[in-house]
Amino acid sequence: MRRFTEGFYGYVVALCVCLAGAGLFLLAAPQGREAHIPRRDYSITVANFGHSVPYAVWAPRQDPQDWVPNSNRIAKGENGAQVLYLGYATAKLQHAMFAQSNEQPAAGFASRMANSDKAVGTQQVGGVTWEQRYREDKNQRTLVRFLPDVTLVITGTADWPELAQLASVLQERPKD
């Protein structure tokens, strides 16, 4: 027995025991084959935002099909304005974010969210015109809608049809 615990043979035996243990661990450990995207409910965040701002809030009436809401927050914008952010993983596993604020100047808010101040066109979604912006080096597309009391921004790596899909489910919620 001593020759299996010393020298070269001891090393080989210890190595085999370790490899066998690692193999058993790999066989017994659960292995996910799909990416898991955590789902985050944003209803309370939207309600809290609605209570903290003096205008009616916009939010999705429902999530686009096969999209996963994965982030939401309220943050301070420029000049003390509140900003609502809702993030999504799209059906094509790209990122899309909806943001809204009454920050002034509205063009500054939109440019900051889009990482660009240049419009590249417009897009009609449900009879409403949205301004398109594109930042090639970040592969970032943005739809912007300027309203009298709030600016709506939808941005991300999602393609134009996916961004339009999110724009199509937005609705104004009455002020409480």
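Buried residues have under 20% relative accessible area, exposed residues over 50%, and partly exposed residues lie in between (1.4 Å probe, protein chains only). The structure is a predicted model, in which local features need pLDDT of at least 70, side-chain atom pairs count only at pLDDT 80 or more, and totals for chains, interfaces and linings use all residues. Residues are numbered from 1 along each chain as its sequence is written, and side-chain values use heavy atoms, with hydrogens and water left out.

**View 1. The loop residue Asn-139.** Asn-139 is partly exposed, with a relative accessible area of 32%. It is placed in the loop between β6 (128-135) and β7 (140-146); helices (H or I, at least four residues) and strands (E, at least two) are DSSP runs numbered from the N terminus. The phi of Asn-139 is near 50°, a positive value in a residue other than glycine. Most residues other than glycine have a negative phi, and most peptide bonds are trans.

**View 2. The loop residue Leu-93.** Leu-93 lies in the loop between β3 and β4. Its phi is near 60°, again positive in a residue other than glycine. With 59% relative accessibility, Leu-93 counts as exposed.

**View 3. A cis peptide bond.** The bond from Gln-104 to Pro-105 is cis, with omega near 0°. Pro-105 belongs to the loop between β4 and α3 (106-114).

**View 4. The largest nonpolar core.** A nonpolar core is a set of buried Ala, Val, Leu, Ile, Met, Phe, Trp, Tyr and Cys residues joined through side-chain atoms within 4.5 Å. The largest one has 27 residues, and those with the most contacts inside it are Val-46, Leu-86, Phe-98, Trp-130, Ile-154 and Leu-166. Two or more residues come from each of α2 (43-52), β1 (57-60), β3 (82-89), β4 (95-101), β8 (151-156) and α4 (160-168). The largest share, four residues, is given by α4.

**View 5. The surroundings of Leu-166.** Contact means heavy atoms within 4.5 Å. Apart from neighbours within four places in sequence, Leu-166 is in contact with Pro-60, Pro-64, Trp-67, Tyr-88, Ala-96, Phe-98 and Ile-154. A second, separate core has 10 residues, including Val-83, Met-97, Met-113 and Val-153.

**View 6. The setting of these details.** The protein contains four helices and nine strands. Along its principal axes, the C-alpha trace spans about 85 × 35 × 35 Å. Of its 176 residues, 39% count as buried.
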